[in-house]
Amino acid sequence: MIQKIKDFLGVDIKEEKYKLSDDPVFGRISDEKKPDKWVLSTCGYCGVGCGLYIGVKDGKAVYTKGNPKHDVNMGTLCPKGLSEHQMINADNRILSPLMKKDGKHEKVSWDDAYREVSNKFKEVTRKHGSKAIGVISTGQLLTEEFYTLGKFVQLGLRTNNYDGNTTLCMASAVMGYKQSLGSDGPVGCYEDFEEADVITLIGANISDNHPILKLHLAKNKKKPKIIVIDPRFSKTAQMADIFVPIKARTDLALINGLCYIILEQGWENTEYISKHTNGFGLLKKHLQDYPPQEVSNITGIEVKVLYELARSIAGADAALTAWTMGVNQSYMGTDTVSAINNLHLITGQIGRPGAAPFSITGQCNAMGTRETGFTSSLPGYRNFGDERAAKEYADIVKIPQEWVPTERGYKYAEIIDAIERGEIKALWIVATNPLVSFVNQDKLRAALAKLELLVVQDAFYSDTAEIADVVFAAGTWGEKEGVYTNSERRCNRANKAVEPAGEAKSDFDIVVELSGYFQNVRENLFPSWKKPEDAFNEWKKVSKGQLCDYSGITYEMLEEKGGVQWPCNEQNPEGSPRLYTDDIPFRTKDAKANLLPLEWIPLQEPLSQKFPVILNTGRTVEQWHTRTKTKTIDILNDLAPEAWVDINPDDASRLQVKSGDRIALSSVRGRIEDVVVRVTQTVAPGNVFVPFHFNEQLINTLTSSSFCPKSGEPNYKQTAIQLHSEKVPAGLKLSEKEVTGLLEHQKIEQEFYIKNTQNIEA
Amino acid sequence: MSAATPLEDFINYKADTGMQCGNYSIDLPELQEDENYRFHFDATACVGCRCCEVACNEQNNNPADIKWRRVGESEGGVFPEVTQLFNSMSCNHCIDPACLIGCPTNSYIKIEETGIVIHDDPSCIGCQYCTWNCPYGVPTFHEERSIVTKCHMCHERLDEGQSPACVQACPSGAIEIEVFKPKEWLESEIDENGNMPHLVDARVTNATTRYTLPEHMPDVLTAADDHHLKPSHSEMPLVFMTVLTQISLGAFLGLFLGDLLSISGKTSPSWIMALIVMLPAALGLPLSALHLGRPLKAMTAMKNIKTSWLSREALALGVFTGLMSVNVVLYFFEMSAYIRVFFEALTLGVGVYGIYAQGMIYQIVARPSWNRKSTLLKFFGVSYIGLFLLAFALLVQGENEAALPLMSLALLCALAQGFFTYEDKRSLNDNGTYTTELGKTKRLYEEFFSLHQNIRLGTFIIGAILLPLLVTVMVNSSFAVGLLGFSIILMSVSEFTDRFLFYATVVPLNMAGGFFVGKQRH
C-alpha cells in the first residue's frame, strides 16, 4: 500500500536501476545488468552462426553482446541474438522430467523417466522389432549431442527410422548437392557476399531470416548487382537492383531457361565444363525444352529480363547465388538446387572468391546434424549402403560392422505415415515442435494419437510437449557446451554460461544417461564418456579424410580464431573458406561434377475455382520457429504477436476488407479463423503470405502432404487456398489464366498479324 | 572452458566492417567550436531488422514498452514496382528542440559542445508536456519511473569514444554518428537532407538527423500502421482543471461587472458571491497536479517562465486564484467599491492572461487538432457557465432583477460557445499540411465518440440554451432557482464532455509505425 502511494507520488525515479556503469570489456552498459563474467559462445538461433559473449551476473544470464573479433558478425547481432539471454530465463521452461498421469503432467525423477522410456522402448522392440521406434530430432543441438544421439539411436536402439526437422528446411539442399557434386556441403562462404560482382538471392529473405548477412553485402566495395528472385516483394527485395517477381514455384524452369540462354549465346565456360563436369551433352539436349518464350510464359518474367539475368550471371567476374527455403521447401526442391548447381557449373562460377551456388542454412546447427547425425547419411557424409564406408566407420569407433545401418530409414513424413499405419509404436521427439511446424496438422495429430509412447525432449513446454507421455527436461543454449557449425561450414564454440534451469540436463547428459538403461549400450557406445569433448574427439577421428574434415580443429582454436571452416586438417590447418577450389576436388568417383537434366513440373495442387489463391509461408525477423523460444521475450513478441495475412489491394477490395480486419483461410484440408489482414503491394494479386510461427492461427492446418520425392522436404511454400471475409464469405474467384495455352494464343495472334499484313500487301 | 575465453578489451578493438557498425568504439574527429554531432540514417541500407531497437533497450535497461529507438515502415508503388521504406528513429537532437522550449522545469539540456539534447531526470515532474510538444513523439513517459525519458545519443559512451548502442548494432551500417556544422545545415542542407516521409518538416524544430533516401520514391507512401486508430489519453485531471478555471474566469468577470455597476448605485455583490466565483478555480488547480508523474513537485512547474507556456499558465492561474481569495477578504471587510474594482480589474487581467496561457499550451504544431484558433475561443467560451453560476447565486439571494441582465449576457456567451464548437468541428475538414492527422481526429469523433458527441450536444442545447431561456421567462416562479441549478449541472456536463473529447481525439504528429505496434507510444 505504502509502495503504491509512493509510486503514485513519484517519490522514487529509480535512478539506481537505470544508471550506467563502466564494463572493462564493452564500455558503458547498464549498471543493474553489469555481468560478473563474460562467456564466449555462439548464437543458438539461426544458421548464420554469430559469435557472441553471454554476460553472467549472480549465475544468471543478463546480457548478450556481439563478438567484434568474430568473422561472421563482427560485433553485430540480430534482435533475437541481442535478447537471447532472456530466452534462458523464459517462464515456459521445463524444469524437471514429467510424466502423464490421468491426462496431466506430473513431476517425476530422472530415474523414473528413464526407466519408463527404456522399458517401453524395450517392450516395443520385443513385440514389434526395434524399427517400431521412431526418432525425430532437430537442428538445435550441439554437434557433440547430435553425434551422441545419432549413435545411440542407430547403434543402440537399432532403429534407422530417425530423421530431423532439418528435413523440413535443408534436406533438398543436401540431396541437391549430393546428386550434383557428389557430397553434401555448402560450397561458398559469407566472404563471397563481399567478393561477388553479381549476387542472386533466390527464395531467400535474408532481411527477415538472416539479417546479419546484410553486413557482408554492405561490406562489398564493388557495388555488386543484386538480383532478388521471389514471388513476394520481401524486405530483401528492397535491396535488389533487379527484382524478379517470379510466379510461385517456377524457379526450376527459370534456371533452366537461364542455362538455355547461356548456351544459346555461347556464354558458357567451356574449359570449366570439359575439365570438371560430366553430362553436358545430355543437359544441352534437355534444355531445348526451355526456350526463353516458353520459360517466360511459365515464370511470368519477360524474355528480355531473362537475357539480362543470364548475361549478368554468366558475364560476372564472380557470381554468387544464395538460397534458402523458397528453393528447398518444394516438391522439386532437390532438383531446383541441382539446377542452380548446373548454372554455376556451366559458367564456372564456383570454387573462387565470390563465385558459388550457396545454400544458407536455417538452424544454428542443422549442419552439425547433417554431418554427424546419422539421419541422411552415416557420420562424415558417408553414404548408407557403402560397404567400405560402413567398415571404415565401424573400425574407427570399434564396433562390429553389422551394427552399422545399411540403408536410410524413414524420412520425417514417412515416419508419420508409418505411425498412422501402426508400424511405428513409439516416438521420441527431440527439440522440435511438429504440432506447429509440420504440414497437414489434422493428419499429424490423428497419427500421433495412435502412438503407444510419445517422448518429448525439450527445454520449452511446447505444443508437442503438452501431449507427450514422458517429457525430458533439457538444457538450452547457454546452459551446455559444444560446437555449432554454420551455413558456411564454420565450426563455432559454444560455452556453458549458466547451470541448466531447475533439474534440466544437457541433451548430451540425457542421451548418455538413458543409454545406461539398456544392456551394454553405454559401455559399447560411450565407454568412459563424461563430457561433450569425448564425443568431439571421436567425431574428429570419424570425420578425418572426409569432406567435412574436423580433424585439425580444437576447442581452443575455435575460441581464438572465431570459428574454423571445414575441411580443417593437415592440408588445410587454418580451415577452408570455400569448397571445390583447385585443391578440393568434387566428391564424385571421377572428381567431376554432374550436370543433370532436370524437369520443371507444375504445382501438384493446382489452383481451382474453389481454392484460387496461392498461400506462401515464411518467417518474420522477431520470432523463431514455433515461438517456444521467443514468445516470452516481450520486446520481440510485441512486434509480431500473432499471424497476419498479406493480401494485395485488388484482392482486398474484392473481399471488401482493409488492413486490421480479420478473415478466415481454408484449403482442402482445413480452415483457420481470425487472421488479421495486412493489405500490401508486396504480394501479387492471387498470392498471399502468412508467417508460420503461430499456434493460434496454425497455418500448417492448410499446407499439404506433398514432399520432394528425393529429399522428403515438404512443399510448404505453395498451397491452394481460399480467403473468406465477413462480407464475402464465399471468397475469391479464379482470375488468372492457365499458363499453357498462352503460347498458342500468341501464335494465333502472330499468324493473324502475318495474314493481315500479307493481305494489305496483296 | 570460460577460463580459456580470449576475453579482452573490445573498446580498443576495431572490427573490419569498414563502417561504424559492429565496433564498440567509434572514431570521430574532434569537434570544432561550430560543430555538433548528429545521426545519419541511410534508408537505402536499412532492411528493417530492428536490431537497433533491441540494442537500445538492452543498453539502457529499458523495459519492452519503453522504446527510445523505433523502426517504422511504409510502402508505396504497385507490385512488383514496390518501395518499402524503413525509418529507424530515436531523437533528432534538434537545434530548436520543442521538448526543451516547452519544458516547465528546464529538464532538457542541449549540450553546447555536442548538440546532444539530454534529459535531466531528477528535475522532471512527469508533466509530459514534452511528449505533447515533440512532433516526432520522441520523449516517452516511463510509468515505473514517474518521469519522461528519451534517447541521449548514448552521450556517456560517446564521451569515452564508445559507439552508441544502435550504431554498434546495425548490421547494415545504416545508423551513423556524424560531425556537422549547424550553421551550414540550417542554411540549406536541412531542406535537402533533413526530411523523411511521414515526418514533420525538419525546419519546424530544426532537426539534425541527416537522411539518405532511395533515389526513386513513389508519390504516395502508406505507413504500415495507417489502419491504427485509437483515442489519446483522456487526461481527466486536466479536463476538470481547465474547465473549472475557465468557469471561474467567467464568474469573476460577472462579479467584476456587478461591482462596476454597484458604483452607479446598484446592489453590490456579496462576499459569498466572491467566494463562489473563486471556488471552481480553487478546486480545479490542485486537481491538475494529479496528472503529474510526481505531484509533490508540482510547484516547480513555474520554473521556466521564459519559454514555457505551461510555466506561465501555472504561475498566472496560481496568482489569479490567490488574488481572487484576497478579493473575498476585501468583500468580507466591506472595502470601498473603488478599491475593489481596481483590484478586480487587476485580478481579471491576470485571469485572462492565465486562460490565454492555458490555451497557448495547446497551440503546438505536434498536435494539429489542438493547434487551431477554435481551441483558444472554446477555452474562453466556457466562461459562460461562470456567468450563469453568478446569476444562480443572485437568484438564490432573491436578487432576481440583477440576475436577469446577467442571464441574458450568459445566454449570448453560450450561443457564442455553441458557434465555436461548430466551427471547431467544421474546420477539421480544412485542407492543410496535417490533413492525415485531422482526418483521423474526425474519424475518432465519428467512430469512437458519437455517443459522447450526442451527450455534448443534448446537454448543451437543453442546459445552456433552452432551460436558461425558460428561467428568464419565469424568473419569479419558485422553480427558477432549481431549474437554473439543474441547467448549470447540465452545461457543466456538456463542457466536461467536450473537453474530454478535446483530449481523447487528438492525433499527434509522429513517424510511420509498425503494423502491430504502431508508433510504440502510449
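Chain B of this predicted model contains 16 helices and 10 strands. Its C-alpha trace extends over about 95 × 50 × 50 Å along the principal axes. Of the 522 residues in chain B, 61% are buried.

**Salt bridges**

Over all chains, the whole structure holds 68 salt bridges. Three of them are set out below.

| Positive residue | Negative residue | Closest N to O distance |
| Lys127(A) | Glu123(A) | 3.1 Å |
| Lys235(A) | Asp208(A) | 3.4 Å |

Lys127(A) is exposed, with a relative accessible area of 55%, whereas Glu123(A) is partly exposed, at 27%.

The salt bridge between Lys235(A) and Asp208(A) links distant parts of chain A, the two residues being 27 residues apart. Lys235(A) is in the loop between strand E11 (225–229) and strand E12 (242–244), and Asp208(A) is in helix H9 (residues 206–209). Both Lys235(A) and Asp208(A) are buried.

Lys181(B) lies in the loop between strand E8 (175–180) and helix H6 (182–193), while Glu35(B) lies in the segment before E1, so the pair ties together parts that are 146 residues apart in sequence. Lys181(B) has a relative accessibility of 29% and is therefore partly exposed. Glu35(B), at 12%, counts as buried, because buried means under 20% relative accessible area.

Chain B also holds a network of salt bridges, which links Arg372(B), Lys378(B), Asp424(B), Arg456(B), Glu495(B) and Asp498(B).

**A patch of negative charge**

On the surface, Glu33(B), Asp34(B), Glu112(B), Glu113(B) and Glu184(B) gather in a patch of negative charge. One of these residues, Asp34(B), is placed in the segment before strand E1 (36–42) of chain B. Asp34(B) has a relative accessible area of 41% and is partly exposed.

**Polar contacts**

The side chain of Lys561(A) makes a polar contact with the side chain of Glu574(A), at 2.8 Å. Lys561(A) is part of helix H27 (residues 555–561) of chain A and is partly exposed, with a relative accessible area of 30%. Between Lys561(A) and Leu82(A) there are 479 residues of separation in sequence and 22 Å in space, C-alpha to C-alpha.

Thr701(A) is found in the loop between strand E27 (687–691) and strand E28 (719–724) of chain A. The side chain of Thr701(A) reaches the backbone oxygen of Leu698(A) at 2.6 Å. Thr701(A) has a relative accessible area of 8% and is buried.

Gln681(A) is located in the loop between strand E26 (670–679) and E27 of chain A. At 14% relative accessibility, Gln681(A) counts as buried.

**Backbone features**

Most residues other than glycine have a negative phi, and most peptide bonds are trans. The following residues depart from these patterns.

Phe79(B) is joined to Pro80(B) by a cis peptide bond, with omega near 0°. Pro80(B) lies in the loop between strand E2 (70–78) and strand E3 (81–89) of chain B. In chain A, a cis peptide bond connects Trp566(A) and Pro567(A), where omega is about 0°. Pro567(A) is placed in the loop between strand E21 (564–565) and strand E22 (593–594).

Ala591(A) lies in the loop between E21 and E22 of chain A. Although Ala591(A) is not a glycine, its phi is positive, at about 60°. The relative accessible area of Ala591(A) is 31%, and the residue is partly exposed. In chain B, Asn106(B) has a positive phi of about 55° and is likewise not a glycine. Asn106(B) is found in the loop between helix H2 (98–102) and strand E4 (108–110). With a relative accessibility of 41%, Asn106(B) is partly exposed.

Key: Residues numbered from 1 in each chain as written. Chains lettered and ligands numbered in written order. Predicted model: local features only at pLDDT ≥ 70, side-chain atom pairs only at ≥ 80, totals over all residues. Heavy atoms only, no water. Patch = residues over 30% accessible without salt bridge, like charges linked within 9 Å, V, L, I, M, F, W, Y side chains within 5 Å. Areas by Shrake-Rupley, 256 points an atom, 1.4 Å probe, with all protein chains shown as cover. Salt bridge = Lys/Arg side-chain N within 4 Å of Asp/Glu carboxyl O. Lys, Arg positive; Asp, Glu negative; His and termini not counted. Charge placed at Lys NZ, Arg CZ, Asp CG, Glu CD. Helix = DSSP H or I, 4+ residues; strand = E, 2+ residues; numbered from the N terminus. Buried < 20%, exposed > 50% of the residue type's maximum accessible area, 1.4 Å probe, protein only. Polar contact = N/O pair within 3.5 Å; in protein donor to acceptor, adjacent residues only side chain to side chain.
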